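This report describes one protein chain, moving from a feature of its surface to its overall form. Please keep the sequence and the model in view while reading.

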Amino acid sequence: MPDLSILGSLAPYHIITYGTLLGSSIFQSFIGGVVAFKCLPRAQFATLQTAIFPIYFSLQSACPIILALTYPGSSTGNSLLGRSSLPSGYKGFLAQENRWSVAAPISAMLAANLINLFWAGPKTNEIMRLRKHQETRDGKKAYDAPPHSKEMQKFNKQFSRMHGFSASLNLAALAMTMYYGVVLAERIQ
């Protein structure tokens with residue numbers, strides 16, 4: 001039976017938040033999104049992703065903030081003997097010793113997800129709406145075989161770029177999440 005006094009520290013909340021961040025990222029990126037793309041008609045897939053992404057990127061943005069606030073400090077003994085201690089919470093997150101191993105990857109995760117939430121995601125949705133209107137004008141789907149109108153070619157190119165940029169940000173955030181997992185593992189060792 002675990003010692004429940006640990007619930008008074010930040011450590012369990014930090015680990016649970018990290019697990020939520022990593023698990024939701026892997027699931028949405030490699031399982032849920034892929035299965036939905038394969039199983040749903042394109043229009044329904046687009047509707048689903050348009051509804052999921054704001055929630056997903058909100059969660060992916062909230063988790064790094066919670067990680068920063070719940071950073072579990074360490075106490076390795078008497079500082080007079082050369083051992084140090086790091087405070088818990090945001091002070092430990094901001095500590096000089098944690099600049100590159102903790103603050104940098106968590107900040108990178110947050111930045112990538114905020115860009116997706118507030119800029120790349122809405123911009124991609126806007127392009128999708130414009131493409132849908134162009135499909136009506138052209139009488140042809142954006143993903144149908146060429147030839148396409150010049151306007152549709154423009155929208156398809158814009159969509160490909162924004163989608164690629166958003167996916168790259170998501171994968172970069174996932175890479176930083178995994179790197180931070182290694183940092184956490186070193187503390188357990």
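In this predicted model, Ile 26, Phe 27, Phe 30, Ile 31, Val 35 and Leu 171 form a nonpolar surface patch of about 540 Å². A patch joins nonpolar side chains (Val, Leu, Ile, Met, Phe, Trp, Tyr) within 5 Å, taken from residues with over 30% relative accessible area and no salt bridge. A salt bridge is a side-chain nitrogen of Lys or Arg within 4 Å of a carboxyl oxygen of Asp or Glu. Accessible areas come from the Shrake-Rupley method with a 1.4 Å probe.

Helix H1, residues 11–39, gives the most to this patch, with five residues. Phe 30 is found in helix H1 and is partly exposed, with a relative accessible area of 47%; partly exposed lies between buried (under 20%) and exposed (over 50%).

The chain has five helices and two strands, in the order α-α-β-β-α-α-α from the N terminus. Helices (H or I, at least four residues) and strands (E, at least two) are DSSP runs.

| Property of the chain | Value |
|---|---|
| Span of the C-alpha trace along its principal axes | about 75 × 35 × 20 Å |
| Share of the 189 residues that are buried | 34% |

Residues are numbered from 1 along each chain as its sequence is written. Local features need pLDDT of at least 70, and side-chain atom pairs count only at pLDDT 80 or more, while side-chain values use heavy atoms, without hydrogens and water.

Key:
Patches are made of residues with over 30% relative accessible area and no salt bridge: like charges are joined within 9 Å, nonpolar side chains (Val, Leu, Ile, Met, Phe, Trp, Tyr) within 5 Å. Buried means under 20% relative accessible area, exposed over 50%, partly exposed in between (1.4 Å probe, protein chains only).
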